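Me: I would like to learn how to read a structure like this one, step by step. Could we go through it together?

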Amino acid sequence: MTKILARNVVKIYPSVHGPVTAIRDFNLEVQEGEFVCIVGPSGCGKSTFLRILANLAAPTSGEVSIVPGSDPGKPLNNMIFQEYAIFPWKTVLDNVAFGLEMRGCPVKERREIACGWIERVGLKKFTHHYPHQLSGGMKQRVSIARAMANDPEVLLMDEPLGALDAQTRAVLQEELMSIWEKNRKTVVYITHSIDEAVLLGDRVILMTAHPGANKATFKVTLARPRNIKTTGTAEYAELSYSIWEALKDEVKRAMEVEH
Ligand SMILES: Nc1ncnc2c1ncn2[C@@H]1O[C@H](COP(=O)(O)OP(=O)(O)OP(=O)(O)O)[C@@H](O)[C@H]1O
Ligand SMILES: [Mg+2]
């Protein structure tokens with residue numbers, strides 16, 4: 001069943017030098033329960049597209065829709081950003097329970113759900129800590145737990161692990177995969193890393209250099225459950241290389257535009 005549909009999305013920003021076309025006729029269809037990764041050179045419009053999907057910005061033309069589920073109480077989407085968007089004045093527990101609180105979930109129930117997710121992301125000991133007492137990786141775990149506790153129809157992630165060091169990123173990639181393999185949420189995940197996209201995704205969508213349009217789609221048929229060991233297989237290496245071959249030209253184009 002189709003869960004997310006984007007048709008001929010165009011986004012033009014006004015600027016002092018005249019209008020800037022950020023996205024040009026971008027199309028995407030995501031099935032329910034699918035994990036789709038979007039990769040493209042810097043500035044190609046990935047974040048713009050995700051913000052349009054999240055209804056945080058309007059397309060200049062074209063259409064986007066997220067098909068609601070049977071439970072009207074559930075939020076349609078939940079965004080996870082690169083720079084841990086959590087409230088500094090709230091504890092881990094209150095951050096994770098925030099979405100549920102906003103939806104009027106009774107205090108006992110929301111605490112139970114939040115504590116379950118805090119435990120699953122390995123932060124039980126930090127339940128009553130504040131964000132400034134946490135490392136970057138822990139803060140991003142809080143964002144992930146909050147999104148999961150909120151139980152949205154679709155999860156939209158904009159380079160959620162981009163700010164983390166390589167080791168923390170590898171640990172969180174595995175955690176994210178094991179969470180997703182259990183709950184199979186519909187996910188649109190933006191990343192700069194081909195390796196990450198191939199490791200996590202069912203499909204990798206490649207965008208062209210600015211202005212972003214569809215370049216290519218790659219199906220990832222690597223068996224699940226996956227873990228870091230998956231990255232050592234020949235199938236993984238071959239697919240990553242094919243994606244890089246297609247992306248390389250766009251990265252070069254993006255660099256030329258900058259100069
Ligand atoms: N509010 C805005 N006003 C004008 N131009 C903008 C605005 N936001 C983004 N842009 C331009 O739109 C293009 C796409 O930006 P966007 O942030 O979506 O790219 P991106 O693919 O997410 O890049 P990165 O990989 O670096 O995060 C860029 O050329 C950017 O300069
Ligand atoms: Mg971006």
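This is a predicted model: local features need pLDDT of at least 70, side-chain atom pairs count only at pLDDT 80 or more; totals for chains, interfaces and linings use all residues.

Me: How are two packed helices described, and at what angle do helix 3 and helix 4 pack?

Reply: In general, two packed helices are described by the angle between their axes and by the distance between those axes. Here helix 3 and helix 4 pack at an angle of about 135°, and their axes are 9 Å apart. Angles from 65 to 115 degrees count as roughly perpendicular and those over 145 as roughly antiparallel, so helix 3 and helix 4 are oblique to each other. Their crossing is right-handed.

Me: Which residues of helix 3 and helix 4 meet?

Reply: From helix 3 come Ile113, Ala114, Trp117 and Ile118, which meet Ala145, Met148 and Ala149 of helix 4. The residues of this contact divide into 7 nonpolar, no polar and no charged.

Me: Which elements do the buried residues of helix 2 pack against?

Reply: The buried residues of helix 2, among them Val92, Leu93 and Leu100, pack against strand 5, helix 3 and helix 4. Just after helix 2, Gly104 takes a positive phi of about 80°.

Me: Which residues come nearest to ligand 1?

Reply: Of the 13 residues around ligand 1, the nearest are Tyr13, Ala22, Lys46, Ser47 and Thr48. Strand 2 and helix 1 are the elements that give two or more residues to this shell, and helix 1 gives the most, with 3 residues. By kind, the shell around ligand 1 divides into 4 nonpolar, 8 polar and 1 charged.

Methods: Residues are numbered from 1 along each chain as its sequence is written. Chains are lettered from A and ligands numbered from 1 in the order in which they are written. A residue is buried if 20 or more other C-beta atoms lie within 10 Å of its own, exposed if 12 or fewer, and partly exposed in between; C-beta atoms are placed from the backbone. Helices (H or I, at least four residues) and strands (E, at least two) are DSSP runs, numbered from the N terminus. Two residues are in contact if their C-beta atoms, placed from the backbone, lie within 7 Å. A residue is near a molecule or strand if its C-beta atom, placed from the backbone, lies within 6 Å of it. Ala, Val, Leu, Ile, Met, Phe, Trp, Tyr, Cys and Pro count as nonpolar, Asp, Glu, Lys and Arg as charged, and the others, Gly among them, as polar. Axes are lines fitted to C-alpha atoms, for helices over the stretch in contact, and angles run from 0 to 180 degrees between N-to-C directions. Angles under 35 degrees count as roughly parallel, over 145 as roughly antiparallel, 65 to 115 as roughly perpendicular and the rest as oblique. A crossing is left-handed if the near helix is turned anticlockwise from the far one by less than a right angle, and right-handed if clockwise.
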